[in-house]
Amino acid sequence: MSAETRHATAIALGGLIALAAGMGIGRFVYTPVLPFMEAALGLTKPQAGIIASVNFLGYLLGALAAAWPALPGGRRIWLLGALGVSAVTTGAMGLTASMAVFLGLRFVGGAASAFVLVFASALVLDRLLASSQPGLSAIHFAGVGAGIVVSAVIVSGLAAGGADWQVQWLVSGAVALVALTAVVGLVPNEMGSVNSQAATSSSGLDRRLIALIVAYGLFGFGYVITATFISTMVRTIPNLQSIEPVVWLVFGLAAIPSIALWTWIGRQWGNDRSFALACVVEGIGVALSVLTTNAAVVLLGAALLGGTFMGITALGFIYARDLTAGDPRRSLALMTAAFGLGQMIGPTFAGVTYGFGNSFLLPSLVAMVALLLAAGLVMTLRSGTTRLSG
């Protein structure tokens with residue numbers, strides 16, 4: 001392995017750790033901790049949905065802030081700062097039982113997660129492209145799945161030892177803080193040739209990029225209901241309670257290799273068609289999670305969801321990068337904002353519609369339809385080449 005390849009691999013690994021901490025733990029540890037919070041605090045489904053949605057509101061606004069061309073400072077500084085905020089707000093969830101404080105912490109943590117995703121991806125993808133190693137982006141995007149696995153192991157391990165939900169949050173935040181120190185050493189300062197303040201507005205927005213942004217928002221809505229409530233779903237069904245400790249682990253394990261698989265499919269079929277196919281497969285996974293009480297089928301649904309959601313993220317970001325001239329930060333931030341809007345709506349919608357039959361069936365089927373619409377939208381406009389001013 002050449003020195004240049006080793007350097008690029010280290011950068012991709014730094015991106016993996018950043019996404020594992022800021023996204024896999026900072027964003028998604030709420031899912032396995034939620035059943036323990038509900039049992040101890042008496043949280044209702046609407047309350048649980050609101051906590052999730054506030055986190056996603058922060059994610060949405062954080063993404064919009066990350067797109068601001070006049071944002072001062074370098075991308076690396078914002079990345080490291082966001083990782084620190086994400087770790088602190090995650091751990092602080094274990095220091096309170098106040099609903100108002102929960103909302104504030106998850107809002108700030110959501111904004112930090114968006115900054116981590118946007119700035120880590122902009123930095124890492126640019127560096128890998130400059131090193132002629134774009135294929136290593138699969139390592140970077142595998143970070144979310146790796147973080148989800150870590151969060152599942154933390155929560156299930158602590159629960160098996162009798163630790164309550166507060167300890168689960170505290171340990172998760174501590175692990176994320178340790179990850180920050182690794183990112184400091186692995187992700188270098190910006191290349192001198194990269195202008196982090198460059199904007200893409202002068203070149204306009206490709207029609208395919210606009211379609212992709214809308215589809216990405218539908219994807220955010222389509223995946224998030226199951227991703228937020230799957231641990232709660234299996235806990236409330238007697239036939240499925242035995243798989244509660246492993247269902248989130250299956251989700252995360254399926255996510256780790258999925259990026260390499262879907263980026264390979266993207267190179268063979270094109271990122272647009274591969275994005276659409278992954279949305280269809282994910283829709284099937286969402287449906288399987290609620291259409292049966294067979295444990296094996298529900299685990300298959302979790303695997304299909306976990307095995308596509310980061311693949312769709314990677315395909316979407318890589319495709320958006322291909323459709324963007326100059327610094328991709330604006331395009332990636334708009335993608336993240338659309339995603340944040342969709343996933344902000346999802347949990348509250350699910351919490352409210354849960355009352356129709358005390359089941360997640362209806363919101364999950366609506367989510368499946370959203371994923372199919374996302375697939376159709378990208379395929380409908382895949383041949384468009386006109387650039388729209390923006």
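Which residues form one aromatic cluster? The cluster is made up of F28, Y59, F141, Y216, F219, Y223, W248, F251, F309, F317 and F339. The model is a predicted one, in which local features need pLDDT of at least 70 and side-chain atom pairs count only at pLDDT 80 or more, while totals for chains, interfaces and linings use all residues. Residues are numbered from 1 along each chain as its sequence is written, and side-chain values use heavy atoms, with hydrogens and water left out.

A search of the whole structure finds 21 aromatic pairs, where rings of Phe, Tyr and Trp (its six-membered ring) pair if their centres lie within 6.5 Å, and where planes under 30 degrees apart count as stacked, over 60 as edge-to-face and the rest as tilted. F28 and Y223 make an edge-to-face pair, because their ring centres are 6.3 Å apart and their planes stand at 75 degrees. Since F28 lies in the loop between α1 (3–25) and α2 (30–41) and Y223 in helix α8 (residues 207–235), this pair ties together parts that are 195 residues apart in sequence; helices here are DSSP runs (H or I, at least four residues), numbered from the N terminus. F28 is buried at 5% relative accessible area, and Y223 is buried as well, at 0%, where buried means under 20% relative accessible area, exposed over 50% and partly exposed in between (1.4 Å probe, protein chains only).

The pair of W78 and F115 is tilted, because the ring centres are 5.4 Å apart and the planes at 45 degrees. This pair also links distant parts of the chain, with W78 in helix α4 (residues 75–92) and F115 in helix α5, 37 residues apart. W78 is partly exposed, with a relative accessible area of 29%, whereas F115 is buried at 10%.

Charged side chains also meet rings, and a charge sits over a ring if NZ of Lys or CZ of Arg is within 6 Å of the ring centre and within 35 degrees of the ring normal. R27 lies over the face of Y59, 4.4 Å from the ring centre, and the charged end of K45 sits over the ring of Y354, 5.3 Å from its centre.

On a 1 Å grid over the protein atoms alone, a cavity is a set of points where a 1.4 Å probe fits but cannot get out, and a pocket is an open set with protein on both sides within 12 Å along at least five of seven lines; lining residues have an atom within 4 Å of a point. Grid points are joined across faces, edges and corners, and a volume is the space filled by probe spheres set on the points.

The structure holds three cavities of 30 Å³ or more, and the largest cavity contains about 70 Å³ of space. Its lining includes R27, F28 and Y223, and the largest share of that lining, four residues, comes from α8. The second largest cavity has a volume of about 60 Å³, and R27, F28, Y59 and Y223 are among the residues that line it. Here the largest share, three residues, comes from α11.

The largest pocket has a volume of about 290 Å³, and of its 13 lining residues the closest to the centre are P134, G135, S137, I318 and D322. Helices α5 (99–130), α9 (244–269) and α11 (295–322) each supply at least two residues of this lining.
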